[in-house]
Amino acid sequence: MNPNFPSFPKLLISVTALSLSFGLCMAQTGTTAITEWQYGKNGAVSITYDDASRNQFTRALPVMERLKMTATFFVITGPITGSTYHGKFVGRPVEVIIKESASVPTDEHNFLERCSAAGYLGYMGTISYHTRAGGLYSSGKKQQAFHLMDSLYAKVRNGDFKPGYEPCPEYKEAVGSSWDDFRKDAGEGYEIASHSITHATMPGLDEVNIRYELEKSKEEIKNQLGDKYTFSTEVPYGYEDDRVMQIAYKIYPALRNRMPEPFLKEIDRASKEVPHPTDKDYVQWQRGPLHKTPLTLMKSWVDTTYANKDMWLVLVFHGIDSLGWEWTPIPKLEEYFKYIKDREDKLWIVTFGDATKYMREREHATVNAKEKDGKISVSLTHSLDKTMYDLPLTLKTYVPDIWSKVTVSQGTKTKTVDVEHDEKGHYVLYQVVPNTTGVLLSGA
């Protein structure tokens with residue numbers, strides 16, 4: 001079992017000395033629950049970008065800043081100005097591998113080594129062979145992948161390539177940003193997360209090279225930005241290859257590729273599966289707007305999320321304004337983001353990492369509440385790693401009908417909130433930091 005992915009029981013909420021009045025269908029004073037999403041919103045929307053192409057930061061980010069919307073950027077760390085770790089092959093000398101390929105055909109025993117080394121043979125234009133062969137191998141077309149490697153190494157031995165090194169297009173499109181830029185963006189609330197060092201095709205890498213790409217990208221981000229930004233990753237090209245996933249799960253707590261949880265239904269961006277029906281507490285619905293995706297369809301994803309209480313819409317963007325794969329023009333992006341922003345009354349616009357933390361904390365939380373001397377005391381705990389899972393949760397507590405405002409106190413912090421009401425009675429919504437001091441509610 002992956003140590004980063006704890007086992008989650010069903011949400012446990014225990015309310016001491018409180019009960020429901022079933023005859024009237026009214027909630028008894030003090031009844032407390034954790035809302036599905038922060039601030040009691042219906043659904044969550046995470047806007048994510050892959051690759052860190054320059055236009056994501058020079059053109060898309062200003063739109064988000066004007067609208068005060070957050071996002072997650074999965075960045076290729078190698079090309080960023082100031083990076084310590086860059087692409088390389090970890091293994092035997094490539095000269096030995098090239099020489100061996102003349103007499104030993106590519107097969108199941110040597111494919112991963114040869115494909116891992118393919119981009120670092122000392123010649124221009126070889127990285128595309130790695131990318132294509134890794135994709136073929138992942139899709140089960142292994143003989144085609146082996147043949148492609150044999151073709152590459154034969155061309156290398158014949159001197160068909162110019163000497164040098166040439167990374168993949170996504171790597172080159174990320175050149176121009178710096179860690180100083182990212183520190184500023186992180187300070188404004190944007191999540192900077194890992195997308196590997198070089199955007200390698202990881203189903204075509206052996207384990208030591210997968211680990212180098214993921215671990216050193218994580219270490220780079222930690223050294224540049226701090227531990228907070230080492231929570232999330234996206235393995236390049238969206239691969240869900242089981243061998244790669246099992247390695248990645250041990251390095252990062254949250255993967256956008258695949259995140260198996262007992263409480264979560266996952267729908268990847270290529271799937272035509274509909275979100276409902278489901279017996280899970282949450283639905284992660286990934287959608288990847290492409291260059292020609294109609295805006296009406298994109299808006300319908302938001303409408304579906306807005307109308308339900310269990311949905312997490314994860315949007316995946318790549319190219320922006322003529323730069324990058326399946327680029328989205330800024331006018332289209334701006335109209336779409338305004339559409340989402342206009343529905344913020346019921347949608348929590350949140351980074352990928354924070355949405356993950358909220359769900360996991362809620363699913364593993366215990367709430368205790370009791371009424372005494374005209375006040376309500378509440379405690380909130382979870383048993384996850386407290387250094388990693390420290391996101392405030394939103395509690396909903398039913399209060400006496402005569403209360404019009406409520407003072408919420410936790411530790412040294414005090415806040416006054418308005419009382420709202422629904423079919424079960426009067427209640428307040430408030431934020432609580434788990435595993436700290438208790439909360440005291442008093443009416444006015």
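## Basis

This is a predicted model, in which local features need pLDDT of at least 70, side-chain atom pairs count only at pLDDT 80 or more, and totals for chains, interfaces and linings use all residues. Residues are numbered from 1 along each chain as its sequence is written, and side-chain values use heavy atoms, with hydrogens and water left out.

Helices (H or I, at least four residues) and strands (E, at least two) are DSSP runs, numbered from the N terminus. Axes are lines fitted to C-alpha atoms, for helices over the stretch in contact, and angles run from 0 to 180 degrees between N-to-C directions.

## Helices α4 and α5

Helix α4 spans residues 127-138 and helix α5 residues 142-157; they pack at about 160 degrees, with axes 7 Å apart. Therefore α4 is roughly antiparallel to α5 (over 145 degrees; under 35 is roughly parallel, 65 to 115 roughly perpendicular, the rest oblique). The crossing is left-handed (near helix turned anticlockwise from the far one by less than a right angle; clockwise is right-handed).

On α4, the contact (heavy atoms within 4.5 Å) uses Tyr-129, His-130, Arg-132, Ala-133, Leu-136 and Tyr-137. Contributors from α5 include Phe-146, Leu-148, Met-149 and Leu-152. The contact residues divide into nine nonpolar, three polar and three charged. Ala, Val, Leu, Ile, Met, Phe, Trp, Tyr, Cys and Pro count as nonpolar, Asp, Glu, Lys and Arg as charged, and the others, Gly among them, as polar.

## Helices α1 and α11

Helix α1 (residues 54-67) packs on helix α11 (residues 330-341) at about 25 degrees, with axes 10 Å apart. So α1 is roughly parallel to α11. The crossing is right-handed.

Arg-59, Ala-60, Val-63, Met-64, Arg-66 and Leu-67 of α1 meet Ile-330, Leu-333, Glu-334, Phe-337, Lys-338 and Lys-341 of α11. This contact has seven nonpolar, no polar and five charged residues.

## Cysteines

The structure holds zero disulfides (cysteine sulfur pairs within 2.5 Å). For Cys-115, the nearest cysteine sulfur is that of Cys-168, 13 Å away. That is too far for a bond.

Cys-115 is buried, at 0% relative accessible area. Cys-168 is buried too, at 4%. Buried means under 20%, exposed over 50%, partly exposed in between (1.4 Å probe, protein chains only).

## Trp-285

Trp-285 lies in strand β11, residues 282-287. Its relative accessibility is 7%, so Trp-285 counts as buried. Not counting residues up to four places away in sequence, Trp-285 touches several residues, among them Ile-267, Pro-275, Trp-301, Met-311 and Trp-312.
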